[in-house]
Protein chains: 2
Amino acid sequence: MDQNEILALIKRDAVDIFSYEGLRERLGSGKPLKIKLGADPSRPDLHLGHSVVLKKLRLLQDTGHEIIFVIGDFTGMIGDPSGRNKTRPPLTFEQTRENAQSYFEQVTKILDPEKTRITYNSEWLGKLSFADVLALAGKYTLAGILERDDFKNRYLTQQPIGLHELFYPLMQGYDSVALNADIEVGGTDQTFNLLVGRALQKDYGQTPQEVITFPLLPGLDGIEKMSKSLGNYIGVSEAADAMFEKCMRVPDMVLGDYFRLTTDIAPETYLPLMEQDMHQAHFVFAREIITLYHGTPAVEEAERRYHAIAAGSAPEHMELLVIGQESVTILELLKLAGFASSNSEARRLIVGKGIKFNGELIRDTDLTVRKNGVLSRGKNKFRRVVFERSE
Amino acid sequence: MDQNEILALIKRDAVDIFSYEGLRERLGSGKPLKIKLGADPSRPDLHLGHSVVLKKLRLLQDTGHEIIFVIGDFTGMIGDPSGRNKTRPPLTFEQTRENAQSYFEQVTKILDPEKTRITYNSEWLGKLSFADVLALAGKYTLAGILERDDFKNRYLTQQPIGLHELFYPLMQGYDSVALNADIEVGGTDQTFNLLVGRALQKDYGQTPQEVITFPLLPGLDGIEKMSKSLGNYIGVSEAADAMFEKCMRVPDMVLGDYFRLTTDIAPETYLPLMEQDMHQAHFVFAREIITLYHGTPAVEEAERRYHAIAAGSAPEHMELLVIGQESVTILELLKLAGFASSNSEARRLIVGKGIKFNGELIRDTDLTVRKNGVLSRGKNKFRRVVFERSE
């Protein structure tokens, strides 16, 4: 592919480009460009949603450009100074490096490792003095920062916004200044932050980076964006059989988005296929994804396992559920597994013949479980139950 | 005066005390306390409005406590990073030290220099890293900071608020942490900032300072608070005759406030006096202020000059008006002097026989002025006009 074909492909799939003219000129200049992509070091698990951007970056690498990952370790190490967010403890220096290493291994399933550089924003943000910070803050007004959707909504609905949070867009923007980035890419949820980078580069006397935003891939629920915290994701490092099973569960109405954004299959191929046989289209999609992330040899076995599971077997890889006591009632177990949210819901599942343990249908709602085994709900929800008794 | 008498006097004149119980306990403890007062290094000229607080601090010094001035040189040296406020260029290190020296000389007209310490907040704020700044910012929410009156008003009326400005209350509050202050005093316009100090000390594990706010002295216009920028002030370093004349111009309705807040004369003395003869009350007030700031021997001469000026002479000290051209029309001159805001207003003043030049009444509205001299409007507005022609 040459620069013009890549540009056309970017234009086809991007939601916004600021500015298209600037991007066209830079790509046409023949100079190797620095393309920035931010990464959250507290969530090193990549999923198919990330691949939307990564696949475009791979094309840009193949024509000589460099991808620079900015690991946001500076904020990661600070954690939440307000103490409100208990679920995000500060990371140690070592954790940020381990997570970045894991991140690198995952992105290089798509990207060329030779043209992929990892940087840490603590390298420059850690050196800023209070005076530098005030100078940075002085580039923005409160009203300007509150234009960011989530700030605006939280302010209007009177949810607390820590003063430190107002700095996060500025820090991300300053990363572009520190790197003198030519292009920054991200999901549409990052548009505001990417444009802050563009504005700050101008303030600091640099040529503003070109900004490209890509659509957010819907999750397996077909509604929310794909995200680890929502549990609606297909991880790029998941085992082949688990991945296959999840691909088969992509809702019909968003399968076209999945084809377009996460595979190289052309619309001329997948659109007629989806029209003729949606189930077969899912197989084509699943095989493609397994090929991309596990290689062609893994496809056959993953598909075999998928059919076996569909026929009633437990999958090879499944989530572990560790029980720290001697025994547990079946109702409690169903709640721990996340299959039911109340005793009455758990009872309904058993009565409705939806629950098996080691392949045997459970009929007794008063059952007590004492041994390791596979708990299943319906045909595609499994937990490996392991008792770890304290001595 | 003992601690109880001082406490009673503070309670009488203060607007708010947070908390009265805490203040009573600390004053009663017998320990020497650290009393903090913030100072703006860009405006080293003290006026009678400042004396309201300083007079109370003097009483506290006399019973063994130490006054610590915090010169806000850190922000002074930064200036305005947004570049919006062109009128406040950043100060150099030397300027902040010179201004602080001038500040010290002025406050020690009231305070005991032995128990007055000058500190510079760049000493601790300059050492904070970005991580420290975020930790500080994380102690406050946006909504909490926007409770400050002027932020709220500016936000509601859509005037820009630089993001850096949100830090100013936190910086002032952090000064209390750095000093581990026992008490902070200020005008009522500082209430929010002083309470931030109280809150931050708690966050940083210190006993929160007691906060005392005093009323703002009205200016010579009787309406706005006394302030240099509004031109309605009596400076503590002004020449005795200028000071005397200004004291005589204090509006009747606020003279009681001036007596109470800026002199040691008891209400039993000034209240009946004001009732009997307001003009004589002004003389008593003016003499007291000249005695306080220039000593008793200066009173007689200042009063003599005042009477002479009232009879038509020009005062010894007056504002200079430098004209950088060969000649100027009288209408233009009146506008430059600030006596008129338009040609038509200037004409009315001349026609109404209100304008003199070197003591001679001006009758010609088309007059051109070419020589140095004293321009006056009525009995108490004077400008020394000096032509400085370029060669």
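**Salt bridges in the predicted model**

B:R249 and B:E245 form a salt bridge, with 2.7 Å between the closest N and O atoms; a salt bridge is defined as a side-chain nitrogen of Lys or Arg within 4 Å of a carboxyl oxygen of Asp or Glu. The model is predicted, so local features need pLDDT of at least 70 and side-chain atom pairs count only at pLDDT 80 or more, whereas totals for chains, interfaces and linings use all residues. Residues are numbered from 1 along each chain as its sequence is written, chains are lettered from A and ligands numbered from 1 in the order in which they are written, and side-chain values use heavy atoms, with hydrogens and water left out.

B:R249 is partly exposed at 35% relative accessibility, while B:E245 is buried at 12% (buried, under 20% relative accessible area; exposed, over 50%; partly exposed, in between; 1.4 Å probe, protein chains only).

B:R26 takes part in a salt bridge with B:D182 (2.9 Å, N to O). B:D182 lies in the loop between α10 (167–179) and β5 (183–187) of chain B, and B:R26 in helix α2 (residues 20–28), 156 residues apart; helices (H or I, at least four residues) and strands (E, at least two) are DSSP runs numbered from the N terminus. Both B:D182 and B:R26 are buried, the relative accessibility of B:R26 being 13%.

B:R26 also forms a salt bridge with B:E210, again with the closest N and O atoms 2.9 Å apart. B:E210 belongs to strand β6 (residues 210–214) of chain B, so this pair ties helix α2 to a part 184 residues away in sequence. B:E210 is buried, with a relative accessible area of 5%.

In chain A, a network of salt bridges links A:R12, A:D13, A:K56, A:D257 and A:R260. Over all chains, the structure holds 47 salt bridges.
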